[in-house]
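Please open the model in your viewer, with both the cartoon and the residue labels within reach, and follow the selections below in order.

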Amino acid sequence: MAGSNPNAKPMNLTLKVWRQPNRQAQGQIVEYHVKDISPDMSFLEMLDVLNEDLLHAGQDPVAFDHDCREGICGSCDLFINGRSHGPEKGTTTCQLHMRKFSDGDTITIEPWRANAFPVNKDLSVDRSAFDRIIQAGGYVSVNTGGAPDGNEIPIPKEIADRAFEAATCIGCGACVAACKNASAMLFVSAKVSQLALLPQGNVERKTRVENMVAQMDKEGFGACTNIGSCAAECPVGISLENIAILNREFLAAKATSNNLA
Amino acid sequence: MSWITKTLTSSIGRKIIMAVTGLFLCTFLVVHLIGNLQLFKHDQGAAFNTYSHFMGTNPIIRTIEWGLVLGFGFHIFEALVLTRRNKTARGAQGYVSNHSEQNSEWTSRNMGILGSIILIFLLVHLYNFFWRARFAGDLPKMGGADPLTSDYDNLYMAVVSSFHIWWYVLLYVAAQISLGYHLWHGFRSGFQTLGLNHRKYTPLIKYVGYVFAVVVSAGFASMPLYFFLFTNAQGEMAANAPAILQTVASAF
């Protein structure tokens, strides 16, 4: 295999996996053993091996969320050994490789925990609360008509870069999972500051932050206490500065918007 | 609900109340600490008692005192509301394995516990000095030849006698350690919540906060420790006190 380490020895691992048949049922940790795991596998490929074993044994495979497996879609969402996306910094679960573990390790795998993120089954959680927050204001309304010229609105590179940094949020929910308060403020702040920085976002600036924060509260996410777990666990490095921007955008909007409700 | 109450009861609104009251209480700590440093003056408490009398009777101070009551009240109330909200948000099912110590500071995650210790201390502290001076009126008088100050409460002696009780000193020192850790996180957190985050000033705010936390807590803790370890029942420095303290004391 190209790029693989010929000296890497296959590993045998003990997995403690959260199993829960459906939303209502009580879940529990179940122990499994997987053999001959290549250190070059991603964490999700290791789970694929486990599921193959389970299928061959006639058992129900473990449900987990995944899609692109390239670290850009934000679908994979496992709480591994007590950390969002595992102990490796700046990675999604799909980009976490088995070479970060050792032969004989016991790995605990749990779903994201938060009241607003109910467990669908096993390790798969419902993150549609994030979708509803984005629907509440995380967009720019564009009128129909001729497509505007690409360089019609000049944006300084520094501003464009900062907006892009905030835009890199993939909405995986690692911030909520890691937060003691299950707060979604890093997620919300990334979208709010991205769009507040850009002239296109300026039109709906005040209603956006008011509506997104209202939806965030309605979904039952907690309130930030500036602990910093979220930013430390964020696979794309969204910084706490965004939460400060969210706070002042919210305060300014509430103080000056025409919305009396 | 009007837009004002809606704003102030939203998650960010409550955080902002926490931040504003918290930073306001920091200013109170500065005033309280500087005033109390007069305990170290070697005048049998004359300066401290005069200062205490002024703080207890001056109409401007008495008015501002209500701001302090509200500051503490809202800070504690919002903390309770936010903690309940956040516990609900976290959900009933916790993690089997959670290594939050790998991604955050202990003090930041335990502001509620630290605050609760400070609250218990505050109630004891208020009863012992504030309540007795303002409402109970059972403190000894200063006496002495000066007719202006002879009927002032001798709060200094109340402090000295309290600080000779070992468990009292222990409670004070434990509370000041908690306060130090509370401020370690709280000072910079307050600025962050108010949206005051800037790559030029945030590192500065952080380190000023650390220094503030250490100076304030060590400053307050030094008072019970000093009286317990180095003074007699009248608050006069014992002969066996370290030379450095003797030198500093003689400077006043």
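This is a predicted model: local features need pLDDT of at least 70, side-chain atom pairs count only at pLDDT 80 or more; totals for chains, interfaces and linings use all residues.

Begin by selecting chain A and colouring its strands, where you will find an open sheet of 5 strands, with mixed pairing, in the order 2-1-5-3-4. Strand 2 (28-37) and strand 4 (83-84) of chain A each have a single partner strand and stand at the edges, so one side of each is left without a neighbour in the sheet. Next, select strand 1 (residues 11-19) and strand 5 (residues 106-110) of chain A, which pair in the parallel sense over 4 bridges.

**Two residues with positive phi**

Most residues other than glycine have a negative phi. Select A:Arg69, in the loop between helix 1 and strand 3 (79-80) of chain A, where phi is positive, at about 60°, although the residue is not a glycine. Then move to A:Asp122, in the loop between strand 6 (119-121) and strand 7 (124-125) of chain A, where phi is again positive, near 50°. Is A:Asp122 buried or exposed? A residue counts as buried if 20 or more other C-beta atoms lie within 10 Å of its own, and A:Asp122, with 23 such neighbours, is therefore buried. A:Arg69, with 16 other C-beta atoms within 10 Å, is partly exposed.

**Where chain B meets chain A**

Show both chains and select the residues in contact, which are 36 in chain B and 42 in chain A. Among the elements of chain B that give two or more residues to this side are helix 2 (11-36), helix 4 (59-90) and helix 8 (166-193), and the largest share, 6 residues, comes from helix 4 of chain B. Coloured by class, the side of chain B that touches chain A has 10 nonpolar, 21 polar and 5 charged residues.

**Annotated stretches of chain B**

Finally, the unreviewed UniProt entry lists several stretches of chain B as "transmembrane region", including residues 16-40 and 111-130. Residues 16-40 of chain B are 84% helix and 0% strand, with the end C-alpha atoms 37 Å apart, while residues 111-130 of chain B are 100% helix and 0% strand, with the end C-alpha atoms 26 Å apart.

How values were computed
Residues are numbered from 1 along each chain as its sequence is written. Chains are lettered from A and ligands numbered from 1 in the order in which they are written. UniProt positions are given in the numbering used here, feature names are shortened, and annotations may be inferred rather than shown by experiment. Two strands pair if DSSP finds at least two bridges between them. Two residues are in contact if their C-beta atoms, placed from the backbone, lie within 7 Å. Ala, Val, Leu, Ile, Met, Phe, Trp, Tyr, Cys and Pro count as nonpolar, Asp, Glu, Lys and Arg as charged, and the others, Gly among them, as polar. A residue is buried if 20 or more other C-beta atoms lie within 10 Å of its own, exposed if 12 or fewer, and partly exposed in between; C-beta atoms are placed from the backbone.
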